[in-house]
Amino acid sequence: MTLLPAAGTPPAAAGPIPEVDLATTLAGVEFPNPVFTASGCAAAGQELGQFFDVAELGGLVTKSILLEPRAGRPTPRMAETPSGMLNSIGLQGPGIGAFLDRDLPWLASRGARAVVSIAGGRVEDYAELAGRLRGQPAVALLEVNISCPNVEDRGAVFACDPTAAAAVVAAVRCAAPPGVPVFAKLSPDVTDIVAVARACVEAGAGGLSMINTLLGMAVDTTTLRPVLAGVTGGLSGPAIRPVAVRCVWQVHAALPEVPILGMGGIRTGLDALEFLLAGASAVSVGTAIFGDPSAPVRVLAELRTALVERGISRLADVVGLAHRPPAPPHLTGPEPPGAADADSEGT
Ligand code: DHB
């Protein structure tokens with residue numbers, strides 16, 4: 001019987017493991033590697049500290065922080081779906097005060113690069129939150145959640161309208177710590193995601209996080225009622241990966257200079273590579289954390305192996321690679337007959 005190496009194990013080649021430069025830059029900020037957590041899947045990171053060293057990741061993205069503490073929606077607020085899950089948490093959290101007093105110092109003490117996600121009901125809420133993050137050196141990036149699906153009024157999803165999205169981004173950019181890039185988190189539930197992306201960039205977003213969950217719903221055929229107390233919820237997990245890859249592809253094609261933090265159903269290193277090839281400069285692992293809290297570090301190890309196996313020594317070389325014309329067949333397929341002779345004669 002042939003035993004396959006475990007996922008993430010480098011190929012059993014002779015000699016030392018090949019070096020791979022995994023560093024990535026997002027809007028001028030350097031990260032040692034491209035694997036982040038996704039917002040909403042591990043509060044502010046402490047709960048992951050028992051499974052791995054949070055400083056090993058490129059960055060740790062917090063659950064969206066609001067101005068005030070919030071208890072969230074009634075239960076049930078999570079449901080399993082085919083290849084994914086629905087959630088309707090309702091932005092539960094401690095509020096910015098407790099986050100600054102307790103959570104951000106913990107992240108700083110561990111050497112984590114914090115990506116702070118903020119959310120609010122009004123443009124002014126976002127601006128105030130951004131202002132409260134001034135003078136906090138642990139904040140590497142700000143992610144503006146303008147696409148939470150669990151708001152009472154769907155008209156309040158800023159990311160569903162380019163003008164509304166731009167208004168939030170402009171206010172946050174103005175109030176935020178000057179050296180800290182602002183990433184807008186976009187919703188896939190729009191007709192033209194490129195239009196929203198462009199509006200956010202023109203308003204001052206240094207990059208884009210995509211995608212947030214899709215609005216979904218499940219009905220319980222035993223109780224004959226909606227499964228979630230909040231009725232609708234955000235769909236995440238592998239079921240949404242093709243939608244996310246498509247969004248990253250479309251936005252990278254239209255705005256190739258804009259860095260993208262890609263997410264949506266990433267479970268393995270190859271899933272991460274798919275996003276990078278489509279145009280993401282870094283990726284977030286989210287729903288996979290619920291089943292495997294170490295998933296982000298495993299994805300990172302698997303990504304490194306995948307790059308080694310493909311003879312790629314710099315992560316930056318794969319960003320957007322799938323947009324380039326196909327390589328000539330003699331570089332990808334079996335060597336054409338006689339090619340080795342021709343090469344050895346230098347012709
Ligand atoms: C919630 C927020 C989100 O941005 C999301 O995608 C799903 C759920 C929430 O807190 O309800």
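Where in the structure is the place of Ser284? Select Ser284: you land in strand 16, which spans residues 282–285. Keep in mind throughout that this is a predicted model.

**Stop 1: Ser284**

Colour by accessibility. Ser284 has a relative accessible area of 1%, so it counts as buried. Now show its neighbours. Leaving out residues up to four places away in sequence, Ser284 touches Phe36, Thr37, Ala38, Val61, Leu261, Gly262, Met263 and Ile266. Zoom in on Thr37. Its backbone oxygen is 2.9 Å from a polar atom of the Ser284 side chain.

**Stop 2: the ligand**

Select the ligand next. Which residues surround the ligand? Lys63, Asn87, Ile89, Gly90, Leu91, Asn145, Cys148, Pro149, Asn150, Asn212 and Thr213 do. Sorted by class, this shell holds four nonpolar, six polar and one charged residues.

- Asn212: an N or O atom of the side chain is 2.3 Å from a ligand oxygen.
- Thr213: a polar side-chain atom lies 2.6 Å from a ligand oxygen.
- Leu91: here a backbone N or O atom lies 2.7 Å from a ligand oxygen.

Then switch to a surface view. The ligand taken alone exposes 300 Å², and the protein buries 92% of that.

**Stop 3: the nonpolar cores**

In soluble globular proteins, nonpolar side chains tend to be buried together. The largest nonpolar core here has 95 residues. Select Ile146, Val172, Leu186 and Cys200, the residues with the most contacts inside this core. Helix 8 (residues 295–309) gives the core its largest share, eight residues.

Take Val172 by itself. Beyond residues up to four places away in sequence, Val172 touches Ile118, Tyr126, Ala127, Ala130, Leu142, Val144 and Val182.

A second core stands separate, with twelve residues. Among them are Leu26, Val29, Phe31 and Val61. You met Val61 at the first stop, as a contact of Ser284.

**Stop 4: helix 4**

Select residues 193–202 for helix 4. Which residues of helix 4 are buried? Show Ile193, Val194, Val196, Ala197, Ala199 and Cys200.

Now look at the two ends. At the start, a side-chain oxygen of Asp192 comes to within 3.2 Å of the backbone nitrogen of Val194. Just after the helix, Gly204 has a positive phi of about 120°.

**Stop 5**

Begin with the cis peptide bonds. Thr75 and Pro76 are joined by one, with omega about -5°. Pro76 sits in the loop between strand 4 (60–61) and strand 5 (78–81). Another cis bond runs from Met210 to Ile211, with omega near 15°. Ile211 is in the loop between strand 10 and strand 11 (214–217).

Ala43 has a phi of about 40° and lies in the loop between strand 3 (35–37) and strand 4. Then select Val231, with phi near 70°. Val231 is in the loop between strand 13 (225–226) and strand 14 (232–236). With a relative accessible area of 34%, Val231 is partly exposed.

Conventions:
Residues are numbered from 1 along each chain as its sequence is written. This is a predicted model: local features need pLDDT of at least 70, side-chain atom pairs count only at pLDDT 80 or more; totals for chains, interfaces and linings use all residues. Side-chain values use heavy atoms; hydrogens and water are left out. Buried means under 20% relative accessible area, exposed over 50%, partly exposed in between (1.4 Å probe, protein chains only). Helices (H or I, at least four residues) and strands (E, at least two) are DSSP runs, numbered from the N terminus. A polar contact is a pair of N or O atoms within 3.5 Å; within protein, one must be able to donate a hydrogen and the other to accept it, and residues adjacent in sequence count only if both atoms are side-chain atoms. A residue is near a molecule or strand if one of its heavy atoms lies within 4 Å of it. Accessible areas come from the Shrake-Rupley method with a 1.4 Å probe; for residues, only the protein chains shown count as cover. Ala, Val, Leu, Ile, Met, Phe, Trp, Tyr, Cys and Pro count as nonpolar, Asp, Glu, Lys and Arg as charged, and the others, Gly among them, as polar. A nonpolar core is a set of buried Ala, Val, Leu, Ile, Met, Phe, Trp, Tyr and Cys residues joined through side-chain atoms within 4.5 Å. Contact means heavy atoms within 4.5 Å.
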